[in-house]
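Here are my notes on the chain you sent over. Have it open while you read, and tell me if anything looks off.

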Amino acid sequence: MKVAVAGCCHGALEKMYETLELLQRRHNVRPDLLLCCGDFQAVRNEADLCCMAVPAKYRHMESFYRYYSGEKKAPVLTVFIGGNHEASNHLQELPYGGWVAPNIYYLGYAGVVRFRGVRIGGISGIFKSHDYRKGHFECPPYNQQTIRSAYHVRNIEVFKLKQLKQPIDIFMSHDWPRSIYHYGNKKQLLKMKSFFRQEVESNTLGSPAASELLHHLKPTYWFSAHLHVKFAAFMQHQANSKEELPKATKFLALDKCLPHRDFLQIVDIEHDPTAGDSLEYDAEWIAVLKATNNLVNVTQSSWNMPEKNGLHARWDYSATEEAIKEVLEELNHNLQIPCNFTLTAACYDPSKPQKHMQPVHTINPQTTEFCAQFGLTDINTRIQQAKEEGSVRGDYEEDEEEEEMDSTGSAEEPSDYNTDNSGLSSINPDEILLDEEGGDEDLSTCSVDPSPDHPPEFSASFSDIRIMPDSMVVSSDDAMDSTNEELERSAGSKQVEEKSLNERPLKRVGGNENGNTGIKIKRRNQAIYAAEDEDKPE
């Protein structure tokens with residue numbers, strides 16, 4: 001089947017679907033499925049706009065509300081993950097996933113579904129070390145801290161995904177797995193995005209949590225977005241045993257959705273021709289959710305996942321054959337996800353704008369039904385109960401100044417990973433500038449083309465399945481040419497990255513390498529989110 005993959009949508013659904021329709025008219029290609037790798041921006045009304053972590057000048061209604069209201073319907077089944085520019089209050093209603101509009105499905109904080117026999121997984125948000133070990137405690141109305149922490153990846157989601165044993169065909173993350181740039185045309189990437197150089201050379205660009213999942217899950221395809229540049233890579237995984245067949249992952253990062261940009265990728269995926277056309281639950285994933293249900297945490301306290309260290313009676317929460325069989329029996333072997341979309345908020349009315357609409361914490365009937373069916377904890381119900389008991393306040397104890405001590409935006413960091421970039425560039429690809437002070441870097445959206453020094457031999461992965469023009473390919477030789485020296489240089493760091501994120505306690509960073517303390521380095525990639533003037537076609 002043909003799968004269309006898009007990068008950061010930024011709410012421009014009409015543009016995205018119009019491009020697909022144009023593709024069908026001009027090339028007679030009709031995708032069976034559309035995947036979006038975050039920054040989807042499912043904004044229903046003015047209250048949702050207030051829950052997006054972007055400067056006010058970027059809070060535009062765009063077109064999602066038309067699909068939410070039923071005025072329009074997505075012409076192709078659309079599955080997406082969350083990024084770091086979302087209506088977090090809306091997505092928070094569906095922690096286990098669900099329909100945000102007819103034919104548009106959100107995977108949740110983390111999730112796995114099936115379509116035509118193809119197994120699709122994903123994790124929402126971006127990695128931030130200082131929030132990684134916390135529970136999902138945030139709820140609207142957000143403050144200046146929780147509006148950002150709400151979309152930060154948590155260790156429990158990574159832990160759940162690492163319990164999976166069955167093969168994954170496609171996996172999505174918003175930010176890139178750390179180190180993936182070593183396996184593609186890195187020279188050309190740095191030519192187009194030179195401000196990544198220090199982070200790439202120090203092996204600190206990207207998410208260590210996503211990297212851990214990449215090495216564990218070894219999916220056939222991995223799609224990402226976030227950095228607004230198109231980039232392909234090919235990673236050959238090492239077998240864990242002599243019996244294990246060698247596996248490889250084809251990685252592709254997508255550009256953001258803009259007119260006259262190559263922001264879509266069409267990929268041919270092998271599928272089960274006998275499978276139906278409905279989106280389906282994944283039995284193993286449901287079994288993992290049931291097994292890990294007692295690990296749900298809605299507090300700000302940092303905590304570690306169970307591991308085999310003598311401190312936990314149980315550390316393996318993978319699904320047994322019996323547990324998977326029980327899930328199938330509960331569903332009467334009908335895995336079809338019900339089309340139970342429900343309006344939970346007023347829809348934007350252009351003729352009656354409500355500028356002072358305030359967000360509220362909502363319990364979504366889809367989540368209530370899902371939790372009741374499988375015996376799971378509704379995270380939002382637990383948060384509301386905890387708030388009533390006074391154990392959740394919805395804000396941080398930390399000072400805002402403390403949080404901005406380094407360019408990663410982290411005042412607390414685990415010692416597992418070298419995420420202290422205080423000696424590096426102040427540009428942080430994971431966050432945008434949330435105040436209006438300071439200058440903006442001129443970071444235009446671009447696509448990395450193959451290096452002329454390395455002919456594109458990677459036809460098996462992208463060149464023979466791509467429909468959109470001007471895409472990038474990368475050969476295995478190209479990857480090796482740009483990889484060997486850097487891999488040797490970063491070998492020590494990568495060995496650390498392959499450890500669990502849960503081994504050591506947090507430590508507070510008191511200053512930078514030069515001993516300076518209290519230095520505030522702003523988040524400075526506002527232009528990565530949108531360089532509106534340059535993005536407008538001439």
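**Notes on the predicted model**

1. Of the chain's 538 residues, 59% count as buried (under 20% relative accessible area, with exposed being over 50% and partly exposed in between; 1.4 Å probe, protein chains only). This is a predicted model, where local features need pLDDT of at least 70, side-chain atom pairs count only at pLDDT 80 or more, and totals for chains, interfaces and linings use all residues. Residues are numbered from 1 along each chain as its sequence is written, and side-chain values use heavy atoms, leaving out hydrogens and water.

2. On secondary structure, the chain has 20 helices and 16 strands (DSSP runs numbered from the N terminus: H or I of at least four residues for helices, E of at least two for strands). Look at contacts (heavy atoms within 4.5 Å) between residues at least 6 apart in sequence: 80% of them join residues at least 24 apart.

3. Now the open sheet: 6 strands in the order S4-S5-S3-S2-S1-S12, with mixed pairing (two strands pair if DSSP finds at least two bridges between them). Its edges are S4 (98–101) and S12 (264–268), each pairing on one side only. From one strand to the next, the twist averages 30°.

4. Inside that sheet, S1 (residues 2–6) and S2 (residues 33–36) pair in the parallel sense over 4 bridges. Val5 stands opposite Leu35 in S2.

5. What lies across S1 and S2? Helix H1 (residues 13–27) does, and it also lies across S3 (78–80), S5 (104–106) and S12, running at about 50° to S12 (axes are lines fitted to C-alpha atoms, for helices over the stretch in contact; angles run from 0 to 180 degrees between N-to-C directions).
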